[in-house]
Amino acid sequence: MPEIVKDMDWQFGVTAACSNKEQVGKTFFYLKLNVESEDGSQRAVHMEMSLSQFYSFLHQLEKAKNSLDFLP
């Protein structure tokens, strides 16, 4: 049985300072999923992605939602 998403937190951010100067000013997306296992235990799953990775992820979620909309 897959884990169930119980709650999520998200935020966009901009890197203000970094030892790698190329990263300064880059936008990122942070996602925290609180998931529950079949046995009732809960854990947090943390993800951070670039803006392009976020838009790819969003596109995949939209495709999954459209596929589910066709189910009875």
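This report walks through the strands, salt bridges and surface of one predicted model.

## What you are looking at

Residues are numbered from 1 along each chain as its sequence is written. Because the model is predicted, local features need pLDDT of at least 70, side-chain atom pairs count only at pLDDT 80 or more, totals for chains, interfaces and linings use all residues, and side-chain values use heavy atoms, with hydrogens and water left out.

What is the mean pLDDT of the protein chain? It is 92, and 100% of the residues reach 70 or more; pLDDT is the predictor's confidence in each residue, on a scale from 0 to 100. Confidence is lowest in helix 1, at a mean of 94, and highest in strand 2, at 96. Helices and strands here are DSSP runs numbered from the N terminus (a helix is H or I with at least four residues, a strand is E with at least two).

## How the strands line up

Let's begin with the pairing. Strand 1 and strand 2 run antiparallel and are joined by ten bridges. Two strands count as paired if DSSP finds at least two bridges between them.

Strand 2 and strand 3 form a hairpin with five residues between them. In that turn, G40 has a positive phi of about 95 degrees.

## Three salt bridges

How many salt bridges are there? The count comes to three, where a salt bridge means a side-chain nitrogen of Lys or Arg within 4 Å of a carboxyl oxygen of Asp or Glu. Take E3 and R43, whose side chains meet at 2.9 Å, N to O. E3 lies in the segment before strand 1 (4–14) and R43 in strand 3 (residues 42–50), so this pair ties together parts that are 40 residues apart in sequence. E3 is partly exposed, with a relative accessible area of 36%, and R43 is partly exposed at 45%. As for the cut-offs, buried means under 20% relative accessible area, exposed means over 50%, and partly exposed is in between (1.4 Å probe, protein chains only).

Next up is E36 with K6, where the closest N and O atoms are 3.9 Å apart. E36 is in strand 2 (residues 27–36) and K6 in strand 1, so the pair ties together parts that are 30 residues apart in sequence. Both count as partly exposed: E36 has 22% relative accessibility, and K6 has 48%. The remaining pair is D69 and K65, with their closest N and O atoms 2.9 Å apart. These two both sit in helix 1 (residues 51–69), four residues apart, or about one turn of the helix. D69 is exposed, at a relative accessible area of 51%.

## Out on the surface

V5, M8, W10 and F12 make a nonpolar surface patch of about 430 Å². Patches are built from residues with over 30% relative accessible area and no salt bridge; like charges are joined within 9 Å, and nonpolar side chains (Val, Leu, Ile, Met, Phe, Trp, Tyr) within 5 Å. The accessible areas come from the Shrake-Rupley method with a 1.4 Å probe, and for residues only the protein chains shown count as cover.

Is W10 buried or exposed? W10, which is found in strand 1, is exposed, with a relative accessible area of 53%. In general, side chains in a regular strand alternate between the two faces of the sheet.

N34 is in strand 2 and counts as buried, at 17% relative accessibility. Leaving out residues up to four places away in sequence, N34 touches I4, V5, K6, D7, R43 and A44; contact means heavy atoms within 4.5 Å.

S41 is in the loop between strand 2 and strand 3, and counts as partly exposed at 34% relative accessibility. Again not counting residues up to four places away in sequence, S41 touches V35 and E36. The C-alpha atoms of S41 and E3 are separated by 9.8 Å, though these residues are 38 residues apart along the chain.
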